[in-house]
Amino acid sequence: MGGSVTNAGQKTFAEKFRSRKVQRYLVIITFMFVPLLLLLVFTYIPFAKMVQFSFYDMKYIGTRTFVGLKNYVDVFKRSDIFGSLFVSVYYMGGAVVQLALALFFATMMVFKVKGESVFKAAMFFPYLVCGIAVGFIFKFFYARGYVLDTILQVFGMNPDNIPLWLQDQKINNFSLVATSVWRYTGQNMVLFLGAMMSVDTDLYEAASLDGANKWHQFRYIIMPSIKSIIVLNLVLSISGSLSAFEPPYVITNGNMGTGTYFVIMNRLAHENQRVGLACAMAIVLLVIIIICTVAQNLFFKYAFNDGTEDESKAAVRRKKREAKKGGA
Amino acid sequence: MKPKINAGSVIFSILKYLSLILASLIAVIPVIVCVFTAFKTNEEYETTSVLDLPASFLNFENFQIAIERANMLRCFLNTAIVLVVVLVVSVFTGSMLAYVLNRFKFPGRGIIESLFLFASLLPGIAMQVTIYQIMYSLNFINHLYGYMIVLMGTDIISIYIFLQFFENLSVSLDESAIMDGCTYFGVFFKILFPLLKPAIVTSLVLKGVSVYNEYYSSNLYLTKPELKTISTALYTFTGPYGNQYNYICAGVLITIIPILIFFLIFQKQVYSGMAAGAVKG
C-alpha cells in the first residue's frame with residue numbers, strides 16, 4: 001500500500017515536471033540563481049556598503065564614527081587626491097594621442113598593405129602583456145643609463161642633456177602615459193580596423209574606380225563608419241584615465257607627483273586604512289562615470305540619429321553620379 | 001586594368017610602410033631588449049651595452065633563478081587551476097542567464113537586466129575597497145576558491161556577449177524543439193548551447209586574457225606565497241632584485257611566453273573577440 005502511494009506521488013511529480021508552467025519557473029530559478037547571488041554579494045552589497053562607509057571615519061576593523069559629508073569635502077580639499085585629478089589630465093591627453101595614432105594606422109591598413117598581419121600582430125601584442133610585466137619592461141626602459149638613454153646616445157645625443165625620465169617632475173608623467181599609449185594603441189587600432197572592415201568592401205573599390213582619392217575615401221567612407229566608435233572611445237578615455245593604475249603603481253609607486261586617482265585610493269584604503277575616505281573617492285568616481293555615460297547616450301541620440309551606413313553609401317552614390325556626369 | 005602609377009601614390013605607399021615599420025619597431029623594441037638582457041650573465045650584464053646581443057641565447061641561468069626564487073612553477077599551476085575553473089563556470093552561468101533573460105518574459109526581468117547593466121559601470125578597483133570586507137567576513141581570503149569566486153562575480157563581460165548573441169538567434173529553433181516535446185532544459189543544453197560556439201570562443205578569449213593578467217585581486221586576496229598567481233609572483237621581483245634586470249627580464253619573459261604562444265595560435269579569434277567585446281557600449 002505504501003508503495004502505491006509513493007508511485008502516485010512520483011507520477012504527479014513527473015506530470016508536474018512536464019507541465020510547461022512549472023518547468024518555466026524551474027528553469028528561470030535554477031539558471032538565474034548563481035549569477036544573481038554573485039551579483040548581490042560582489043556588486044550590490046559592496047556598493048551599498050560603499051555608500052554607507054563614505055559617511056564614516058573608519059578602518060576595516062574597529063570602531064567607526066559618523067562624520068557626515070567630511071570625506072567628500074576631503075576628496076576635493078586634500079592635495080594628494082586633488083593632485084591626482086590633475087595627473088589624470090595627462091592620461092586623458094595620452095588617450096587622445098593614442099586614438100589619433102590608432103585611427104591613422106588603421107586607415108593605413110585599410111588600403112592594401114603587404115605583410116599586414118605582421119604589422120598588426122606586432123602593434124597589438126603589447127595589449128596582451130600583463131600590466132605588471134609592462135611596468136617592469138618600462139622601469140628598465142627608462143632607468144638612468146639603460147635602454148632609452150642608450151638608444152638616444154646611439155643617435156648622437158649628449159648624455160648630459162638626457163633628463164631623468166622617471167624622477168624629473170616636469171616629464172615623468174609623460175613617460176608613464178607613454179607606456180599606456182604603447183600598450184593600448186594597437187588594441188584601439190584593431191577595433192577601428194574591425195569597424196572599417198564592416199563597411200561593404202566594394203565601396204572602396206567602387207570609390208577608387210570612380211576616381212575618389214585617398215582623402216575622399218577616408219572622409220566619406222571610413223569616417224562615417226567609425227565615428228560612433230571614436231566617440232565611444234573618447235568617452236571611455238575619461239573614466240579610463242581616472243582608472244589608470246598599473247604603470248605608476250609598478251614603475252614609480254605613485255611617488256614624485258605621479259599618483260593617479262586609483263593609486264592614491266589604493267594607498268588610502270589598503271595601506272593607511274582610511275576606508276571611509278577611499279569609499280567617498282569611489283563614489284565621486286562613479287558619479288563622474290555616470291555623467292559620462294549619460295552624456296554619451298545623449299550624444300548618440302541627437303548627433304547620430306540616422307543610420308551612418310546609409311550616409312556613407314549615399315555619399316558614394318552621389319560621387320558616382322557626379323563622375324558619370326563628368327564622363328558623359 | 002593595371003592601376004595607374006603616379007607620384008602621389010608612390011609617396012603615399014612609402015609613407016604608409018615607413019610609418020608602419022616605425023610603429024612596429026616601437027612596439028617590439030622594449031620587449032626585444034628584455035630578451036637580450038634575460039640571456040646575459042651577471043658579468044655581461046654589467047659590462048655590455050643593453051643593446052648588445054648576449055654571448056649566447058642558450059644561457060638559461062637567469063630563467064632558472066627567476067623560476068626558483070619566485071616559485072613560478074607553483075604559481076603557473078595556481079593560475080592554470082583558476083583559469084580553467086573560472087572560464088568553465090563563467091561560460092555556463094553567463095549563457096544560462098542570457099538564455100533566461102532573452103527567452104522568457106517574467107515579472108522583474110527588466111529590473112534584473114538593468115541591475116547587470118548598471119553593475120558594469122561600477123569602477124573595478126574602487127569596488128575592492130568594500131569587497132575586501134565581504135571576502136574577510138566570508139573567510140575567503142587566502143583560499144584559491146575565494147579568489148575564483150570573486151573573479152566569477154565581478155566581471156560581467158561574458159554575460160553581455162551571450163545576451164547579444166541570443167538576440168540574433170532565432171526563436172523558431174526553440175519553438176520547434178518544444179513542439180517535439182523537448183523540455184526547456186533540453187532546449188538549452190541540446191539545441192542552443194552547441195550553437196553558442198562563436199560567443200563561447202569570444203568570452204573565453206576576453207575573460208581568459210583578463211584572468212591570466214589579473215593582478216589587483218590576486219594581490220589582495222592571495223597573500224600566502226604558495227597561493228600566488230603568475231602576475232603576483234612577477235611583482236615579487238620589485239624588492240630584492242633592485243637593479244638586477246637580467247633576472248627581472250627573465251621573469252617578465254616567462255610570464256609573457258604562454259600568452260604569446262596563445263596569441264600566435266588563436267590570432268583570428270583574439271581579434272574578432274576584441275571587436276565583439278567592444279560593441280557593448
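Buried means under 20% relative accessible area, exposed over 50%, and partly exposed in between, with a 1.4 Å probe and protein chains only. Helices (H or I, at least four residues) and strands (E, at least two) are DSSP runs, numbered from the N terminus.

The model is predicted: local features need pLDDT of at least 70, side-chain atom pairs count only at pLDDT 80 or more, and totals for chains, interfaces and linings use all residues. Residues are numbered from 1 along each chain as its sequence is written, chains are lettered from A and ligands numbered from 1 in the order in which they are written, and side-chain values use heavy atoms, with hydrogens and water left out.

**View 1. Helix α7 of chain B and its cover.** Helix α7(B) spans residues 144-154 and is mostly covered, with eight of its 11 residues buried. The buried residues are B:Leu144, B:Gly146, B:Tyr147, B:Met148, B:Val150, B:Leu151, B:Met152 and B:Gly153. The cover over these residues includes α2 (20-53) of chain A. From chain B, the cover includes α4, α6 (124-137), α11 (197-213) and α12 (216-221). Contact here means heavy atoms within 4.5 Å.

**View 2. The largest nonpolar core.** A nonpolar core is a set of buried Ala, Val, Leu, Ile, Met, Phe, Trp, Tyr and Cys residues joined through side-chain atoms within 4.5 Å. The largest one holds 192 residues, and those touching the most other members are A:Phe192, A:Met196, A:Tyr261, B:Tyr99 and B:Val100. Helix α4 (residues 72-103) of chain B gives the most to this core, with 13 residues. In soluble globular proteins, nonpolar side chains tend to be buried together.

**View 3. Crossing of α4 and α10 in chain B.** The axes of α4(B) and helix α10 (residues 184-195) of chain B come within 12 Å and cross at roughly 115 degrees. Axes are lines fitted to C-alpha atoms, for helices over the stretch in contact, and angles run from 0 to 180 degrees between N-to-C directions. The crossing of α4(B) and α10(B) is right-handed; a crossing is left-handed if the near helix is turned anticlockwise from the far one by less than a right angle, and right-handed if clockwise. On the α4(B) side, the contact is made by B:Val91, B:Phe92, B:Ser95, B:Met96, B:Tyr99 and B:Arg103. On the α10(B) side, B:Tyr184, B:Val187, B:Phe188, B:Phe189, B:Leu192 and B:Phe193 take part. Sorted by class, the contact has 10 nonpolar, one polar and one charged residues. Ala, Val, Leu, Ile, Met, Phe, Trp, Tyr, Cys and Pro count as nonpolar, Asp, Glu, Lys and Arg as charged, and the others, Gly among them, as polar.

**View 4. B:Ser95 in helix α4 of chain B****.** B:Ser95 is buried, at a relative accessible area of 0%. Its side chain reaches the backbone oxygen of B:Val91 at 2.7 Å. A polar contact is a pair of N or O atoms within 3.5 Å; within protein, one must be able to donate a hydrogen and the other to accept it, and residues adjacent in sequence count only if both atoms are side-chain atoms. Not counting residues up to four places away in sequence, B:Ser95 touches B:Ser90, B:Phe162, B:Phe166, B:Phe188, B:Phe193 and B:Leu196.

View 5. A:Thr107 lies in helix α4 (residues 79-110) of chain A and is buried, with a relative accessible area of 7%. A polar atom of the A:Thr107 side chain lies 2.6 Å from the backbone oxygen of A:Leu103. Apart from neighbours within four places in sequence, A:Thr107 is in contact with A:Met196, A:Phe218 and A:Ile222.

**View 6. Two loop residues with positive phi.** Most residues other than glycine have a negative phi. A:Gln273, not a glycine, has a positive phi of about 55 degrees. This residue sits in the loop between α12 (261-271) and α13 (275-303) of chain A and is partly exposed, with a relative accessible area of 26%. For B:Asn71, phi is positive and near 55 degrees. B:Asn71 lies in the loop between α3 (61-69) and α4 of chain B and counts as partly exposed at 37% relative accessibility.
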